[in-house]
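This report describes how one chain of a structural model is built. Please keep the sequence and the structure in view while reading.

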Amino acid sequence: MFSNDFTLTKRHLGLILLIGGSLGFIGILGIDILDAGREGGIGPAQQIALGLCALSAFIGLTLLPLGDKPA
Amino acid sequence: MDKPIFRITNRVLMAAALLVLLGHLAVYAAYAANLMRFPFDYDQGEGFELMDTVFFSRGEWPYRDTEVFPFYSSNYPPLFHVLAAPFVWMVGPAYWYGRLLGFLATLVTAAAIGFAVYRDGAAGGGRLKLLVAGLAGLAYLASNTVYHIGPLFRQHASMVMFETLAVVVLANAGEIAHVRRRRLALAAGLLLVIAAGYTKQLAIVTALAVGLFLLIRQPRRALVWGGMAAAVGVGVFVWMTAATNGEWWRQAIVANINELNIQQSVGLFRLWFSLHGFLIVPAALLALYELYFDRLSLYTIWFVLAVGLNGAASGTWGGGDSYFATAIAATCILSGFFAARTLAGEWPFTENYLSRLARPLRRFGPGLLRAGLIIIPLLYLGYGRATLHLPTQQPPFDTFARVLNIRPNALNGFYDSARTADGQFSAGYADIGHFTTPDDVQAGWLIVEQVRAAAGHVMSEEAGFSLAAGRQVITNPTQLLNLDKKGLYDGGELIRLIEDRAFGLIIFRAQFYPPRLLRAVGDHYRHAESIVMNGFEYRLLVPN
């Protein structure tokens, strides 16, 4: 990874986006589950963040088949 | 590929788009000249940026303890004010040079955008590519947001200039084969990122974009160069924190993290899209193209992060539409690339599952490229109409307003497409852009006379009146409010002075002070007079 020739591929980028988006999605939902005493449910900022995490994971998924092409 | 009729129509429409955007430039230059002649605060808080400049010109820090007289501190990084400080030595405190620097910064940014589109937009050269580059640069200056924040005594336009220069320098730096030249380009680009950060904190988004780009292209280089840049940036930060007894950290960082109003962010996102949509769509298409069929460029990563992070932050207290300026610069570059590639017919699709899915559509390719000859100039014409703003009463613009049947919807007979017909606008959109009048100048001097005549100290929500009257500038209200919101402000000494009626005159505009200060003023001062300057009511209060 730290060689002069190494570069991230579309698959690497896809994995990063997929994992990051999925963890973000779970984390945001987790705020509501763990912080059960909080009122108001999922607010507008959380809804937007959930949407962006889902989009990120989806884009990641679509990048996986592009394989070893440089990102 | 393209028949003469398409070529001729393209040239005519391109010339029309150029004319429209040059018209925007003429309005912008006239607005800048008008503001440079206006000797008082125009945008809320400009005077405090001038005061910061005065501090630096004396070799003093503006990051100070707000609990002791004169209760002043700044929350902005130093570079813009340091650059303006020599003007204080030459001509004393004045607004024109800060506004001139802001205006020039936008021109440099536009030139950098044009250069990027010419260099990286499509292979080959030619007059058409030069024209597209010119349109991309002019599009930046035509934006309603860039128009109204550019010629202000504020650091935002300079930050965007440093950010854009950094991105243009770094975009191809890794591909430079000559080792010494590559290192020079990387060093220069990263120094420009640091300069942007020390102009305004919001440039963190460009630092993130650059770091991410270097990491994707070559992690080793990202670590080595990122580490060196971080060492320089953090070194300066630690030195400033130590030199100001921690006030730099407290005032510019801790007090500057403000709460988010997501509704304001959403409203400003909608406004941004309604004004710049003609360029955002092609920019987004180019970003998608790079994601699936090419390598991600620094421009695209910058565009995505600037839109996402700065756009979200636009809903913070103290934020606003100006937070989209970086995204607008990135949008102009990417849409310029889209235009240049389309006009040159350069859309190679590498073989992958998506290009295979789209294979049946390939027969439409030549037709789409011919349509592009018409669509590209129409995009810039549409953008020129969507961002229309002009004074409707000052010659020569009044003639255009009459011919186009444009009616004013802002102060002083100004028309701004960001507003509704009855003058409403999104929360967070700056209520400026109109030209000042001789009556505004006269009103300003009337306030200055009151400041001069007042016995004792004067506390003014705008610093310009105190500076013009040769009085000491006392407090920076929005910074006191920032500190108060974080529970970092006591205010006991200032409240005691208010209760002792130590101020002969207090001037309010938006009343952006901590609530208990406003209560103390309400209890011990009475409204004596209101003077309207520049469309805003200045309330003059005297002791009970």
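This is a predicted model: local features need pLDDT of at least 70, side-chain atom pairs count only at pLDDT 80 or more; totals for chains, interfaces and linings use all residues.

Residues are numbered from 1 along each chain as its sequence is written, and chains are lettered from A and ligands numbered from 1 in the order in which they are written.

**Overall form**

Chain B contains 22 helices and 6 strands; helices (H or I, at least four residues) and strands (E, at least two) are DSSP runs, numbered from the N terminus. The radius of gyration of chain B, 25 Å, is close to the 24 Å that the globule rule gives for 544 residues, so the chain is as compact as a globular protein of that length. This radius is taken over C-alpha atoms, and the rule is 2.2 Å times the number of residues to the power 0.38. Along its principal axes, the C-alpha trace of chain B spans about 80 × 60 × 45 Å.

**The sheet**

Strands S4 and S6 of chain B pair in the antiparallel sense over 3 bridges, and Ile507(B) stands opposite Leu540(B) in S6(B).

| Strand of chain B | Residues |
|---|---|
| S4 | 503–508 |
| S6 | 536–543 |

**A helix pair**

The axes of helix H2 (residues 46–57) and helix H3 (residues 79–91) of chain B come within 8 Å and cross at roughly 75°. Axes are lines fitted to C-alpha atoms, for helices over the stretch in contact, and angles run from 0 to 180 degrees between N-to-C directions. H2(B) is therefore roughly perpendicular to H3(B); angles under 35 degrees count as roughly parallel, over 145 as roughly antiparallel, 65 to 115 as roughly perpendicular and the rest as oblique.

**Contact with chain A**

In chain B, 12 residues are in contact with 14 residues of chain A, where contact requires C-beta atoms, placed from the backbone, to lie within 7 Å. Helices H9 (204–217), H10 (219–243) and H12 (262–293) of chain B are the elements that give two or more residues to this side.

Terms used: Two strands pair if DSSP finds at least two bridges between them. Two residues are in contact if their C-beta atoms, placed from the backbone, lie within 7 Å.
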